[in-house]
Amino acid sequence: MSASLHLNLLNDDERVCSSPVRMRVMLPIFAVLTVIGLCVWWSLLAVRLHNAVQVKHLQEARIADLKPSQEQVLSLRAREREARAVLEQLRFYRASRLCFSETLLRLPQHVPEAVQLTDVRIPLPPPLPPPPFSPPGLAVKTVPPGPTNLTEAVTLRVAGRAGSSKPSEAVRALLDAFRLPDFTNLVRAAEIPKGAIRQDTARGAAVRDTILFEITCDCGERRFK
Amino acid sequence: MPQASLPKALIKPFKAHTDVVGLEIGAGTGAGVPAVRLRKRNGKTELLAAGFLDLPGRLPTSAGACDVPVWTLPGPFRAPRAAMAINSPLHFLRHAAGGNGEEATDQATTFRRVSRQTAPDMPRLVAGLPEFQAAWAARLLPEGHRPTACSIQVAAAAAMSGFTASPAFVQAGGNAVALFVYAQVTSLAAFQDGGLVFYREHPMGMEHLRGAISSQMGIEASLTDAVLEDTLIDPTSVVEPVLRPLYRQIEISADYLLRRRKCQVENFFVSGVTAGAPYWSKLFARMMNQSLVFCSPLDGIERVGPGAHLPDDVAKRAPLLMTALGAARAVLEDQ
């Protein structure tokens, strides 16, 4: 109804807040604290980065220092592995050794009179395969000192000549002797390979009743374990 | 103009003031600083506290002596905001002579001014206060403590604001002549349709009345109020020569309203009379053939329950709270 008579002489810049928490005061404080906080944060980050870089350089230097030693150690460990493999291989050989001596000592007792042994041989195992091809730049694989398979077949090869009137029987008697208990601990099977009995023609017609023979004994397997 | 009002709308406080303490500075009552705390709730104005506070500080009289005390109000008066009414001999309140009320300064003292259109066909009402006094008052209540200043008004305008919000003025239909009696002067305001159309100050106040009684009846100044309230002594012969010029001014003003503004005034109110009301009304009835209605500033204000901090004789001393209450009410009503 009535026009207001509120004639306010207070200036706008004189209006203040009664709250103890004043934005006019708190805002600059928060701003300064934020700036200080950011500065501290960035300082800490810078210090940590600097420390990390220093540690990195230090570690790189130590790695560089240790590189020859490490290479030496790696080389020694490789050599050690090789030596250990050789020793292991030797141990395998030692463990897989077959004893022929006692068996061969009993052999003369079973050789018929008409038979003359000309060759008693344990054939060597087949040669090792060549090492696989390695592309240039890669280390060449070490040649194993012995066979890498777990077993190796062993044979005993007995060769000779037989004379008299019935040489084949003498050879048969010798073959049967290998199946006697004196040999069975070593010889598993004995046989005369095909074509292994033939006329001895080397010494002329006078000895035409003499034959050459060959007996192959299977001695089982050597086990490399 | 929309362009001019937009920034003002932006800076307008989001929340209206609903709890305000009014303070009258420079009242010179000798009892302390009149203070009234009002709260507006659900459209009703409530009185929370009233009293006279023992606070330091007299209004500075020159720009050089401006030591500002820091006021700390008692708990019941710590509203969020404070409206201060300055009762200074240097302040002025008048209708502007020019079109916009911004008159050129003609004095050495720099004045802080504010004006308002109170009626459509009237010059703007201008209030002015020396800059040093306004700045001094603005610093009385420190930041961060309740209350802080939200308004500084001149005492006369504050008292009129309290009156225009009273139920007596509303019932009068907005057509009235009101007297606001202070210690040294009496303000005379005429309202038409709720708008202030006439404002004058007459250099007669309660102190002049007391002085006349004291000098002519030969009693101490402190006993004059008792003489005015005593029915055994009749000071009419002393009171009448003091009041007659004032009532003559009212007569002239009423005639002005009738002749120039076609407004027949039948409602006459007076506020601020602390003693001798019967003599005021008796003489008024004799001179004006009208009744003079005494308005209490507390009319229309609800008093809250036992929580209110009010002195026992608040009704009797209410005229002294007129300006402080008006300052608070001006803020509450001007939302």
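## Confidence in the model

pLDDT is the predictor's confidence in each residue, on a scale from 0 to 100. The structure described here is a predicted model, and over residues 1–6 of chain B the pLDDT stays under 50, a stretch for which the model has zero contacts beyond four places in sequence. Where pLDDT is low, the predicted coordinates should not be read in detail.

For chain B as a whole the average pLDDT is 86, and 91% of the residues score at least 70. For the complex, the predictor gives an ipTM of 0.86 together with a pTM of 0.63.

## Chain B in outline

Chain B contains nine helices and 14 strands, and of its 335 residues, 53% are buried. If one takes the contacts in chain B between residues at least 6 apart in sequence, 65% of them join residues at least 24 apart.

## A sheet of three strands

One part of chain B is an open sheet of three strands, whose order is β5-β7-β6 and whose pairing is antiparallel. The strands β5 (92–95) and β6 (111–116) of chain B stand at the edges, and because each has a single partner strand, one side of each is left without a neighbour in the sheet. From one strand to the next, the twist averages 20°.

Strands of a sheet pair through backbone hydrogen bonds, either parallel or antiparallel. In chain B, β5(B) pairs with strand β7 (residues 125–130) in the antiparallel sense, over four bridges, and L93(B) stands opposite A127(B) of β7(B). Helix α2 (residues 131–138) of chain B packs on this sheet, where α2 touches β6 and β7 of chain B, and the direction of the helix makes about 80° with that of β7(B).

## Two crossing helices

Helix α3 (residues 155–164) and helix α9 (residues 322–333), both of chain B, have axes that come within 7 Å and cross at roughly 70°. Angles of 65 to 115 degrees count as roughly perpendicular, which means that α3(B) is described as roughly perpendicular to α9(B). On the α3(B) side the residues that meet α9(B) are A155(B), A158(B), A159(B), S161(B) and G162(B), while their partners in α9(B) include M322(B), G326(B) and A330(B).

Helix α3(B) is mostly covered, since 10 of its 10 residues are buried. Among these buried residues are A156(B), M160(B), F163(B) and T164(B).

S187(B) lies in strand β10 (residues 186–192) of chain B. Because buried means under 20% relative accessible area, S187(B), with a value of 0%, counts as buried. The side chains of S187(B) and Y199(B) are joined by a polar contact of 3.0 Å. When residues up to four places away in sequence are not counted, S187(B) touches A156(B), A178(B), L179(B), F180(B), Y182(B), Y199(B), R200(B) and E201(B); one of these, A156(B), is also one of the buried residues of α3(B).

F169(B) is found in helix α4 (residues 167–171) of chain B, and at 0% relative accessibility F169(B) likewise counts as buried. Between F169(B) and N267(B) there are 98 residues of separation in sequence, yet their C-alpha atoms are 8.8 Å apart in space.

Terms used:
Residues are numbered from 1 along each chain as its sequence is written. Chains are lettered from A and ligands numbered from 1 in the order in which they are written. Side-chain values use heavy atoms; hydrogens and water are left out. Two strands pair if DSSP finds at least two bridges between them. Axes are lines fitted to C-alpha atoms, for helices over the stretch in contact, and angles run from 0 to 180 degrees between N-to-C directions. Contact means heavy atoms within 4.5 Å. Buried means under 20% relative accessible area, exposed over 50%, partly exposed in between (1.4 Å probe, protein chains only). A polar contact is a pair of N or O atoms within 3.5 Å; within protein, one must be able to donate a hydrogen and the other to accept it, and residues adjacent in sequence count only if both atoms are side-chain atoms. Angles under 35 degrees count as roughly parallel, over 145 as roughly antiparallel, 65 to 115 as roughly perpendicular and the rest as oblique.
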